[in-house]
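Student: Please take one part of this model and look at it closely with me. After that, I would be glad if you carried on to the other local details worth checking by eye.

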Amino acid sequence: MRGNNYLIINKLKDLGLEISFEERTDFIGFKVKPLVIVYPQGEDDVINIVRLAREFRISIVPWGAGTSLTGAVSCDGCILLDMRRMNKILEINTIDWYVRVQPGVVLDDLNKELSKYGFFFPPDPASHYMCTVGIIATDAGGMRALKYGTVKDWVLALRVVLPTGEVIKVGEPLKKNRTGYDLVHLFVGSEGTLGIITEAWLRIIPLPKRKVQTLIVYLDDMETLAKFVYEVRRRGIMPELMEYMDPYAINAVNQAFNSGLKVADGGLVIIMIEEDLIDELLNIRINGLNIVTINEEGARRIYELRSRAGEAIKAVYGSFYSEDITVPISRLAEAIIRLKELGDKYRKPMPILAHIGDGNMHPHILYKPGEEELAQRMYYEVARIAIELGGTISGEHGIGLQKRELLYEQYLVRNNIKTLEVMKNIKRLFDPNDIMNPNKYIY
Ligand SMILES: Cc1cc2nc3c(=O)[nH]c(=O)nc-3n(C[C@H](O)[C@H](O)[C@H](O)COP(=O)(O)OP(=O)(O)OC[C@H]3O[C@@H](n4cnc5c(N)ncnc54)[C@H](O)[C@@H]3O)c2cc1C
């Protein structure tokens with residue numbers, strides 16, 4: 001260990017901070033090799049750590065639950081800031097409809113507490129049972145994004161410790177607030193590169209009163225998927241959730257959780273929809289569709305299975321890279337055909353989960369040890385399909401380490417490099433010493 005490193009660790013100890021030394025691996029397998037892991041208990045701890053990092057020019061990487069699917073928490077020799085001790089729900093305001101929280105609260109814990117008051121925080125990434133409110137930093141989407149949008153639609157205000165050690169509050173816990181540049185949404189999705197979120201005011205709403213019914217749509221082939229989605233859109237039907245699992249993903253779920261789901265050749269779509277819209281949905285007549293309604297217990301079960309499908313794919317197929325492409329919905333049919341062609345070209349199964357109602361697809365690129373380069377090539381080819389179809393390389397997971405070059409490529413193809421320069425200038429403005437989650441995202 002270098003002399004400075006001893007000094008940093010001793011200073012952290014002198015500050016009375018809880019620390020540990022270990023290597024970690026994030027959910028998807030990226031290595032995290034910090035110099036030290038620090039567990040701040042509150043904002044003052046974060047300020048002290050940042051000041052120290054600034055003095056010694058050592059990088060800081062915030063860690064929520066490490067469920068990033070892009071290498072966003074990977075690091076080598078950094079101070080890893082494990083935010084999970086900052087997990088207090090500070091205020092639930094049922095008149096102004098917000099909750100004030102620390103960032104380390106697990107999403108499901110937050111919703112469990114809110115439900116006691118008849119409220120909820122709608123964004124539900126499938127990792128809801130693991131991930132933290134740190135999802136503000138990824139602008140996570142999720143299964144109900146179709147109806148409720150992504151995290152950005154639910155953040156009212158933030159306290160942030162800047163890389164200088166100063167603290168700012170951006171936004172107000174108000175439904176309307178038109179004062180100054182929208183810095184709240186600059187921090188949303190900034191992946192820990194601009195500062196550390198220490199407190200958040202999140203919009204909440206009452207739990208839905210209207211009954212929501214769950215249906216499963218079995219598909220004879222994948223081509224029918226796009227036809228079905230187009231028809232739902234054409235008819236102006238607005239489900240709350242519309243999730244797709246292909247046969248490989250269903251097989252994984254069946255094996256991992258002994259769930260006995262029917263494996264239709266084209267996979268299945270889970271739909272949650274307000275009861276009065278069901279008839280319109282059932283009226284859709286397309287060859288190759290079989291729509292089945294399920295009861296409340298079945299609905300809970302299928303939601304859980306879909307949430308844990310990523311875990312199942314990992315358990316059954318091993319290592320994977322998770323794509324996160326989003327295409328204009330009008331081009332879903334082309335995207336599906338091109339993904340199928342790519343799978344055939346590489347002769348590899350490519351389990352697909354998709355927030356299909358948003359045009360957001362997660363093909364999983366499977367690989368064994370030694371196949372990383374091949375997997376990387378496939379990963380790029382999938383992402384390029386999205387770019388070519390007028391879509392985007394990331395709908396919700398973000399950029400992290402894995403999509404840095406692809407981000408550049410997308411902006412280049414769209415003749416928009418100037419925008420990237422503006423982003424780089426923003427990073428320099430906030431973090432002149434480049435200590436906050438460096439070499440990721442915009443670099
Ligand atoms: C099984 C599974 C299913 C998933 N499903 C979805 C899905 O449906 N939709 C979706 O959008 N995503 C999904 N994801 C990926 C998603 O990005 C993460 O689950 C979530 O956004 C990350 O939460 P986390 O608490 O684990 O944060 P981490 O992975 O620990 O961190 C993510 C990023 O946020 C930064 N960060 C964390 N806390 C802070 C903070 N306090 N201040 C500043 N920066 C911070 C980190 O530095 C990092 O850049 C899934 C992941 C898994 C494993």
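**Helix α14 and beyond**

Tutor: Let us start with the packing of helix α14: its buried residues lie against α5 (184-187) and α13 (404-413). Here, helices are DSSP runs of H or I with at least four residues, strands are runs of E with at least two, and both are numbered from the N terminus. Buried stands for under 20% relative accessible area, exposed for over 50%, and partly exposed for what lies in between (1.4 Å probe, protein chains only). Packing and touching rest on contact, meaning heavy atoms within 4.5 Å.

This is a predicted model, in which local features need pLDDT of at least 70 and side-chain atom pairs count only at pLDDT 80 or more, while totals for chains, interfaces and linings use all residues. Residues are numbered from 1 along each chain as its sequence is written, and side-chain values use heavy atoms, with hydrogens and water left out.

Now to α14 itself. The helix covers residues 417-430, 14 residues in total, and reaches 20 Å from its first C-alpha to its last, close to the 20 Å expected at 1.5 Å a residue (the expected span is 1.5 Å times one less than the number of residues). Its buried residues are L420, K427 and F430. Viewed down the helix axis, these buried residues fall within an arc of 85°, so they line one face of α14; the arc is that of the directions from the helix axis to the C-beta atoms. An α-helix has 3.6 residues a turn, so residues three or four places apart point the same way. On the face turned away from the buried side, α14 carries the exposed residues K418, R428 and L429.

In the segment after α14 you will find Y441. Its backbone deserves a look: Y441 is not a glycine, yet its phi is positive, near 60°. Most residues other than glycine have a negative phi. D139 is another case, a non-glycine residue with a positive phi of about 50°. D139 sits in the loop between β10 (119-120) and α4, and counts as buried because its relative accessibility is 17%. T150 touches D139, along with P123, A140 and G141, when residues up to four places away in sequence are not counted. T150 itself belongs to the loop between α4 (145-148) and β11 (155-161), and its 13% relative accessibility is why T150 also counts as buried.

A positive phi turns up after another helix too: R57, which follows α2, has a phi near 50°. Helix α2 spans residues 43-56, has 14 residues and reaches 20 Å from first to last C-alpha, close to the 20 Å expected at 1.5 Å a residue. Its buried residues include V46, I49, V50 and F56.

At 2% relative accessibility, L339 counts as buried. Leaving aside residues up to four places away in sequence, L339 touches M350, I352, M361, P363, V382 and I385. L339 and I385 are 46 residues apart in sequence, with 8.1 Å between their C-alpha atoms.

Next, a look at strands. An open sheet is formed by 3 strands in the order β2-β3-β6, with mixed pairing; two strands pair if DSSP finds at least two bridges between them. The edge strands, β2 (24-25) and β6 (75-76), each pair on one side only. β2 runs antiparallel to β3 (residues 31-33), joined by 2 bridges, and V32 in β3 is the bridge partner of R24.

C75, at β6 (75-76), is joined to C78 by a disulfide, with 2.1 Å from S to S; the cut-off for a disulfide is a pair of cysteine sulfur atoms within 2.5 Å. The whole structure holds 1 disulfide. The link of C75 and C78 is left-handed, with -55° about the S-S bond, and both cysteines are buried.

Finally, K169 lies in strand β12 (residues 167-171), and it counts as partly exposed because its relative accessibility is 38%. Its side chain makes a polar contact with the side chain of E172 at 3.4 Å. A polar contact is a pair of N or O atoms within 3.5 Å; within protein, one must be able to donate a hydrogen and the other to accept it, and residues adjacent in sequence count only if both atoms are side-chain atoms. Setting aside neighbours within four places in sequence, K169 is in contact with A157, L158, R159 and W201.
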